[in-house]
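Here is a short report on a two-chain structure for a reader who is new to it. Keep the sequence and the 3D view at hand while reading.

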Amino acid sequence: MPTVRLRAAAEYPPSSQKLFEASRAWFNYDFAQPPAMSRVMAWDVEFGGPHGRAMKRAMGPGEFTRAEKEMVAAAVSGINSCEY
Amino acid sequence: MTGDALWYEAAQVVGITNALNVAADTLDALGPVDDPTASSAVRELFAEMREFYQGDAVPPGFRFIVHDPAYAAEVWAATRHAFTDHCLARRLKEALAFAVSVTSRSTSGAAFHLSEMRRLGVGARGVMEIVGVTQMFSSYTKIADTLQLEPDMGDIAPEDPSPAPGGVPRGDAPLR
């Protein structure tokens, strides 16, 4: 059970809706509600905005493909014992 | 990156890397086995590693676990298999091992796998890409854990219907 109540997308201000649109485009998936992490990051766009841009820069294709980087991210999450 | 075979391979790399880092970073009290004092069996094992890595380096953890050469030989067989090109390229496997080592604060593992990434052609940009992914997901995971978020993205990935290697396709197994 999450420590906080995750708000539905409709409870967020217009400035946060841009992050949800970016999240939908990033995952290319039509979520019923934005993923929990997207809603956490949209809580404070002054943190979530730059954090998300850093993530997109790190995850974008370069010497490694995005798919390869997703696998690296999964390995890091596993080592950090993160169920989410 | 669809198909479970890729993920099984990645899991092997993550697991064996962590196992070797655990030994490399904690077993100083055992004392490392150096080449001049090594038995012929251990020298043979080190030679296999040097051939595989095309250099003088031996993965640091092995210098401690070769105190039991038969055990170390089995660990080496698993390591060599895990890092050999199969579904995933060795270059990506070394990147995974580097990310695992950085995440688990293994200085020796990070140095070894960084060296291997470079040997396999990963440039400065590629290294920083893996550093970036490792750092960002070390942030996301701790945010998720602090807020005890529950997984909600499992439906994105398609399920792989293929059987285990050499196995029977799902639905075709004989009824008992």
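## Two loop residues with positive phi

B:Arg105 sits in the loop that links α5 to α6 (107-119) in chain B. The model is a predicted one. B:Arg105 is not a glycine, yet its phi is positive, near 60 degrees. Is B:Arg105 buried or exposed? B:Arg105 counts as exposed, because it has 10 C-beta neighbours inside 10 Å, and the cut-off for exposed is 12 or fewer.

A:Asn28 lies in the loop between α1 (14-27) and α2 (36-42) of chain A. A:Asn28 is not a glycine either, and its phi is positive, about 50 degrees. With 7 other C-beta atoms within 10 Å, A:Asn28 is exposed.

## Chain A in outline

Chain A has 4 helices and 0 strands. From the N terminus on, its elements run α-α-α-α. The C-alpha trace of chain A spans about 40 × 25 × 25 Å along its principal axes. Chain A has 84 residues, and buried residues make up 29% of them. Now take the contacts in chain A with a separation of 6 or more. Residues 24 or more positions apart account for 42% of these contacts.

How confident is the prediction here? The average pLDDT of chain A is 93. A score of at least 70 is reached by 100% of its residues. Within chain A, confidence is lowest in α1(A), with a mean of 90. Confidence is highest in α4(A), at 96.

## Helix α4 of chain A

Helix α4 of chain A covers residues 66-79, which is 14 residues. How far apart are its end C-alpha atoms? They are 20 Å apart.

Several residues of α4(A) are buried: A:Glu68, A:Lys69, A:Met71, A:Val72, A:Ala73, A:Ala75, A:Val76 and A:Ile79. Against what do the buried residues of α4(A) pack? In chain A, they pack against α3. In chain B, they pack against α1, α5 and α7. After α4(A) comes A:Ser81, with a positive phi near 55 degrees.

## A glycine in helix α3

A:Gly48 belongs to helix α3 of chain A, residues 45-59. A:Gly48 has 18 other C-beta atoms within 10 Å, so it is partly exposed. A residue needs 20 or more to be buried. Beyond its neighbours within four places in sequence, A:Gly48 is in contact with A:Leu19, A:Met41, A:Ala42 and A:Trp43. A:Ala32 is 16 residues from A:Gly48 along the chain, and their C-alpha atoms are separated by 21 Å.

## Chain B in outline

Chain B has 7 helices and 0 strands. Its elements run α-α-α-α-α-α-α from the N terminus on. Its C-alpha atoms fill a box of roughly 55 × 45 × 30 Å, taken along the principal axes. Buried residues make up 34% of the 176 residues in chain B. Of the contacts in chain B between residues at least 6 apart in sequence, 70% join residues at least 24 apart.

## Where the chains meet

## The largest nonpolar core

In soluble globular proteins, nonpolar side chains tend to be buried together. Here the largest nonpolar core has 55 residues. Which of them touch the most other members? They are A:Val72, A:Ala75, B:Ala95, B:Leu96, B:Phe98, B:Ala99 and B:Val133. Helix α5 of chain B, residues 90-103, gives the most to this core, with 8 residues.

B:Ala95 has partners in both chains. Not counting residues up to four places away in sequence, B:Ala95 touches A:Phe64 and A:Val72 in chain A. In chain B, B:Ala95 touches B:Met117, B:Val122 and B:Ile130. A:Val72 is also one of the buried residues of α4(A).

How values were computed:
Residues are numbered from 1 along each chain as its sequence is written. Chains are lettered from A and ligands numbered from 1 in the order in which they are written. This is a predicted model: local features need pLDDT of at least 70, side-chain atom pairs count only at pLDDT 80 or more; totals for chains, interfaces and linings use all residues. Two residues are in contact if their C-beta atoms, placed from the backbone, lie within 7 Å. A nonpolar core is a set of buried Ala, Val, Leu, Ile, Met, Phe, Trp, Tyr and Cys residues joined through C-beta atoms within 7 Å. The expected span of a helix is 1.5 Å times one less than its number of residues. pLDDT is the predictor's confidence in each residue, from 0 to 100.
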